[in-house]
Amino acid sequence: MAAAGLQSVALIGVGLIGGSWALGLREAGLVDGTVTGCGRSLDNLETARERGIIDHATTDLRDAVGGADLVVLSVPLGAVRGVLETIRDDLADHAIVTDVGSAKQCVVDDARQVLGDAASRFVPGHPIAGNEKSGAAAAFPELFRGRRVILTPEADTERAAVERVRALWEAVGASVACMTAAHHDDVLAATSHLPHMLAYSLVDTLSRWSDRDEVFAYAAGGFRDFTRIASSDPEMWRDICLANREALLEAMERYMADLQELREAVRHGDGDRLEAVFSHAKATRDRFVAMLES
Ligand code: NAP
């Protein structure tokens, strides 16, 4: 479905994700009117204005959403409920509200509790794209090209609102899939949230070893690759862990059991077991990379 042009967009949180979507929509010729950016700091909003991401900047949430036909929430998950409570009474009747948060059940619950009937025009979303950088300076229009976006509409979400948001993601080069919020949270706990726990924890552990200077002096490309995501924004990841606590706990338990098994194989000098685990992991990753490159 081709997306019609947007007249008035309110972008709440003008960082890597929201800023990149706005830039992509502009590049696709889909912004006919204005984009108003809202955040906590004027510095970041000024950067966004200079980079052509937004036309107007405000730190007043209610000002930002008044009259907007599309409201995009691109703030850390812990801020979503407060933002919804503040903007609820200023949303236009026809406004579609969507978000980009990395966990979905908490957002769906917040929207239902705060927006009431208007939650039927709230389309929960999550682009499976990003990197460890933050803020308007990090945004770029190609971020979502060839990437996936998951929408988690509820049974009573207006179909036209879902299709509108789908079209806006497709316009920036993403492919869109729909699933339940609970399923999304289970899948992302395993594929994204658990790997972030491993990266953060490894770097934190090594940083506290007494000979840490030597540890980091001799770390090479593999360490850099593995730990890249430990440079991600701590506030954002705190919120993701708290928001997806149950599914993340389950993923961590399963991983820790397998890691303990590996530890026993090392302890007992069980080379066959080690090689079997590594061979299975290598074959799995090789297939995954080939799929990405095909
Ligand atoms: P980001 O670059 O740090 O941008 C977030 C922006 O939100 C900041 O500019 C911040 O403004 C603003 N903000 C924070 N609290 C606010 C509040 N209470 N009211 C208004 N604005 C507020 O973060 P991001 O990477 O774009 O992430 C945004 C959302 O996308 C998160 O929910 C995250 O889970 C999701 N996501 C991230 C990735 C990723 O790889 N980064 C991928 C997919 C989804 P100030 O600068 O003024 O504080």
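Strand E8, made of residues 148-151, is joined to strand E9 by four bridges, and the two strands run parallel. The model shown here is a predicted one. One place to look for this pairing is Val149, which stands opposite Val176 in E9.

Helix H6, residues 159-171, packs on the sheet that holds these strands and touches E7, E8 and E9. The direction of H6 makes about 170° with that of E8.

The sheet itself is open and has three strands, in the order E7-E8-E9, with mixed pairing. Strand E7 (125-128) and strand E9 (175-178) each have a single partner strand, so one side of each is left without a neighbour in the sheet. On average, neighbouring strands here are turned by 25° against each other, if direction is ignored. As background, the strands of a sheet pair through backbone hydrogen bonds, and the pairing can be parallel or antiparallel.

There is also an open sheet of six strands, with parallel pairing and the order E3-E2-E1-E4-E5-E6. At its edges are strand E3 (56-58) and strand E6 (122-123), and each of these pairs on one side only. Within this sheet, strand E1 (residues 6-12) and strand E2 (residues 31-38) run parallel and are joined by six bridges. Ala10 has Thr36 in E2 as its bridge partner. Helix H1 packs on this sheet, where it touches E1, E2, strand E4 (70-73) and strand E5 (96-99). The direction of H1 makes about 165° with that of E1.

Helix H1 leads on to the ligand. H1 (16-27) supplies at least two residues of the shell around the ligand, and so do helix H4 (77-87), strand E7 and helix H10 (234-243).

Which residues come nearest to the ligand? Of the 26 residues around it, they are Arg40, Ser41, Val75, Ser102 and Gly135. Sorted by class, the shell has twelve nonpolar, 13 polar and one charged residues.

A polar side-chain atom of Ser102 lies 2.7 Å from an oxygen atom of the ligand. For Leu16, a backbone N or O atom is 2.9 Å from a ligand oxygen atom. Ile17 likewise has a polar backbone atom 2.9 Å from an oxygen atom of the ligand. On its own the ligand has 890 Å² of accessible area, and the protein covers 87% of this.

Technical notes
Residues are numbered from 1 along each chain as its sequence is written. This is a predicted model: local features need pLDDT of at least 70, side-chain atom pairs count only at pLDDT 80 or more; totals for chains, interfaces and linings use all residues. Side-chain values use heavy atoms; hydrogens and water are left out. Two strands pair if DSSP finds at least two bridges between them. Axes are lines fitted to C-alpha atoms, for helices over the stretch in contact, and angles run from 0 to 180 degrees between N-to-C directions. Contact means heavy atoms within 4.5 Å. A residue is near a molecule or strand if one of its heavy atoms lies within 4 Å of it. A polar contact is a pair of N or O atoms within 3.5 Å; within protein, one must be able to donate a hydrogen and the other to accept it, and residues adjacent in sequence count only if both atoms are side-chain atoms. Accessible areas come from the Shrake-Rupley method with a 1.4 Å probe; for residues, only the protein chains shown count as cover. Ala, Val, Leu, Ile, Met, Phe, Trp, Tyr, Cys and Pro count as nonpolar, Asp, Glu, Lys and Arg as charged, and the others, Gly among them, as polar.
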